[in-house]
Amino acid sequence: MRLLIRTFCDSAGRLLKHRPSNTILLTGLSGSGKTIIFCQLRDGSSHQGTVTSMEPNEGTFILHSEMTKKGKLKPVHVVDVPGHSRLRSKLEEFLPQVAGIVFVVDAVEFLSNSRAASEYLYDILTKASVVKKKIPILLLCNKVDKVTAHTKDFIRKQLEKEIDKLRSSRAALSSADIANEYTLGVPGEAFAFSQCHNKVTVAEASGLTGDLSQLEQFIREHVQGKAEMCYGGKKKILSGKFLLYVRH
């Protein structure tokens, strides 16, 4: 009986420990359009002009695009983290419960912000808490509805070049200064996102027009799909172990 109880508790503990998160983090530089995207996901609304957040926008809701669908709908917890450099520390508060990170880039003003965006992205990609959990990251090129917007391929290549420069400069720092970081890329090779510890995907969106199909696909894959796999599989494993020890 003791063996039965202990085995059941151990299995239940592992199940709870691996319980999937339904949290998606929206982050990026100020003015990239994160808050508009948050509003579009929540209720299909958009704000005209620039909306600068000083506090995280947070909510758990059914994606607006799925409200008309039939069947059981799974809510998503979305957090819009302020992009101002002084407020980025708030990112750390949500990382333990994150299923995916969406790094929003302004595709129109990209060139003037490429260095700053690369530095912020580099910090995220080398965070131990992000790497160890292998949190998937979506680079979302926003405002592609504008004629002057850069393509996602151009933005990806430029970010890779900038991060390659950062990698070289930060490698010159002492090991004490980068104790909590992971290194990026392959030594002797130009940096590419395909070399990252985490899966990094590049997509396009328009928060103003509500074209967020690629972002919503990312959410379905890493939040809703993961939940179905975990709850479908783990419960069976737990039940199987329980029945096995009952028979003994």
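**Entry 1: the model**

I am working from a predicted model. I looked up the secondary structure first. I find 7 helices and 6 strands in the protein chain. I then read the order from the N terminus: α-β-α-β-β-α-β-α-α-β-α-β-α.

**Entry 2: burial, contacts and surface**

How much of the protein chain is buried? I get 42% of the 248 residues.

**Entry 3: salt bridges, E66 and R220**

How many salt bridges does the structure hold? I count 11. I started with E66 and R220. Their closest N and O atoms are 2.8 Å apart. I located both partners. E66 sits in the loop between β2 (57-61) and β3 (76-80), and R220 sits in helix α7 (residues 213-247). The two are 154 residues apart, so I note a link between distant parts of the chain.

Is E66 buried or exposed? E66 has a relative accessible area of 5%, so I log E66 as buried, the cut-off being under 20%. R220 comes out at 22%, which makes R220 partly exposed.

E216 has a relative accessible area of 12% and is buried.

**Entry 4: E162 and R115**

I turned to E162 and R115. They form a salt bridge, with the closest N and O atoms 3.3 Å apart. E162 belongs to helix α6 (residues 152-171) and R115 to helix α4 (residues 110-125), so the pair ties together parts that are 47 residues apart in sequence. I checked the exposure of each partner. E162 is buried, at 12% relative accessibility. R115 is partly exposed, at 38%.

**Entry 5: a network**

Which residues do shared partners join into one network? I list R115, E119, E162 and K165, joined by salt bridges that share partners. The E162 to R115 pair is the one I had already logged at 3.3 Å. As background, I note that side chains of opposite charge can pair when their charged atoms come close.

Conventions
Residues numbered from 1 in each chain as written. Predicted model: local features only at pLDDT ≥ 70, side-chain atom pairs only at ≥ 80, totals over all residues. Heavy atoms only, no water. Helix = DSSP H or I, 4+ residues; strand = E, 2+ residues; numbered from the N terminus. Buried < 20%, exposed > 50% of the residue type's maximum accessible area, 1.4 Å probe, protein only. Salt bridge = Lys/Arg side-chain N within 4 Å of Asp/Glu carboxyl O.
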